[in-house]
Protein chains: 2
Amino acid sequence: MVPRCQVEVLYFAKSAEIAGIRSETISVPQEIKALQLWNEIETRHPGKDMNEVEEKSKDIIKFTPEKLSVDEASQLVISPLCGAISLFVGTTRNNFEGKKVISLEYEAYLPMAENEIRKICSDIRQKWPVKHIAVFHRLGLVPVTEASVIIAVSSAHRAASLEAVSYAIDALKARVPIWKKVRGCP
Amino acid sequence: MVPRCQVEVLYFAKSAEIAGIRSETISVPQEIKALQLWNEIETRHPGKDMNEVEEKSKDIIKFTPEKLSVDEASQLVISPLCGAISLFVGTTRNNFEGKKVISLEYEAYLPMAENEIRKICSDIRQKWPVKHIAVFHRLGLVPVTEASVIIAVSSAHRAASLEAVSYAIDALKARVPIWKKVRGCP
């Protein structure tokens, strides 16, 4: 039998919060690697992720007349717990119903629009285990090829964020009070 | 009746290619706006998009040991003909099968991997009307939260690129010879 020893494990900050205690004495093999010890500690607190440094899920909603950044949206939803980020970017096309388009102009009823997007985020969290959600919408003129909307969602596994993004853009188009005016050639 | 006049329309470069002629004389109302004239010209060449400055669809495939950029992938698939860009970003999670992860290490059999991704792009084009497809895969060590794979697809309408991205990442995981090694605590 492998010789064992007693070690005192001290918990600080977040780990103390998660474990619900500040210290405990456990029995482990005398020769043990850091990773094995970590797993040993984790199994003592089943259902709790000792590794969860960043627990709270965020809904980030932004309306702006400025250019939207895909990198910014993507960075905001990154989490060490997630293996997947799915994004949708809605851009201005150069044609609409057979007509040439120069730009689209967006207007929103802001308090209601933001509220409605919060509801969509909450619907998503009911349906899929996603981590962070970012929804950016540009207001005013959006020239051809530029983004009017960006949705980014992170999740541990890919199916959740892929389905959530698809749902989010459909729901946004259907429910959120944002109007678009097509601007063609003068 | 509105007075009409004859105007000579000259086609150059791409527009000449698309119209298949270098000039023609057409009859239009004496007072006509630029946009109306444009539509008039377009209806004379049905089935051809006179506006299509960028015709060729691109499949952009990249394997690299460098950090991947979501903005770069997104920029590469932008098209004035498209109203939608969908993206998937696969990132390194801090845990795998209950174990703590420091980084993932990716290795690919490059000629076959690239070939297989080209096939996936071609499958996508059979299934959905998408414009450009970009597939980036990082090789070597990928630390927690950094991207190992980015897929970006543009399309005129959103359903096509959303479904194509979802298909692409599933197909990539199933068919492309890329191996990953999990690196935990030392």
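**Figure 1. Nonpolar lining of the largest cavity in the predicted model.** The lining residues of the largest cavity divide into nine nonpolar, no polar and no charged. The structure shown is a predicted model. Two cavities of 30 Å³ or more are counted in it. The largest has a volume of about 50 Å³.

**Figure 2. Residues around the largest cavity.** The lining consists of Ile117(B), Ile120(B), Cys121(B), Ile124(B), Ile133(B), Val135(B), Ile151(B), Ala168(B) and Leu172(B). In chain B, the elements α4 (110–127), β8 (130–138) and α5 (158–175) each give two or more residues to this lining. Helix α4(B) provides the largest share, four residues.

**Figure 3. Residues around the second largest cavity.** This cavity has a volume of about 40 Å³. Its lining is made up of Ile117(A), Ile120(A), Cys121(A), Ile124(A), Ile133(A), Val135(A), Ile151(A), Ala168(A) and Leu172(A). Two or more lining residues come from each of α4 (110–127), β8 (130–138) and α5 (158–175) of chain A.

**Figure 4. Helix α4(A) and the second largest cavity.** With four residues, α4(A) gives the largest share of the lining of the second largest cavity. The lining residues of the second largest cavity are nine nonpolar, no polar and no charged. Among them are Ile133(A), Val135(A) and Leu172(A).

Key:
Residues are numbered from 1 along each chain as its sequence is written. Chains are lettered from A and ligands numbered from 1 in the order in which they are written. This is a predicted model: local features need pLDDT of at least 70, side-chain atom pairs count only at pLDDT 80 or more; totals for chains, interfaces and linings use all residues. Side-chain values use heavy atoms; hydrogens and water are left out. On a 1 Å grid over the protein atoms alone, a cavity is a set of points where a 1.4 Å probe fits but cannot get out, and a pocket is an open set with protein on both sides within 12 Å along at least five of seven lines; lining residues have an atom within 4 Å of a point. Grid points are joined across faces, edges and corners, and a volume is the space filled by probe spheres set on the points. Ala, Val, Leu, Ile, Met, Phe, Trp, Tyr, Cys and Pro count as nonpolar, Asp, Glu, Lys and Arg as charged, and the others, Gly among them, as polar.
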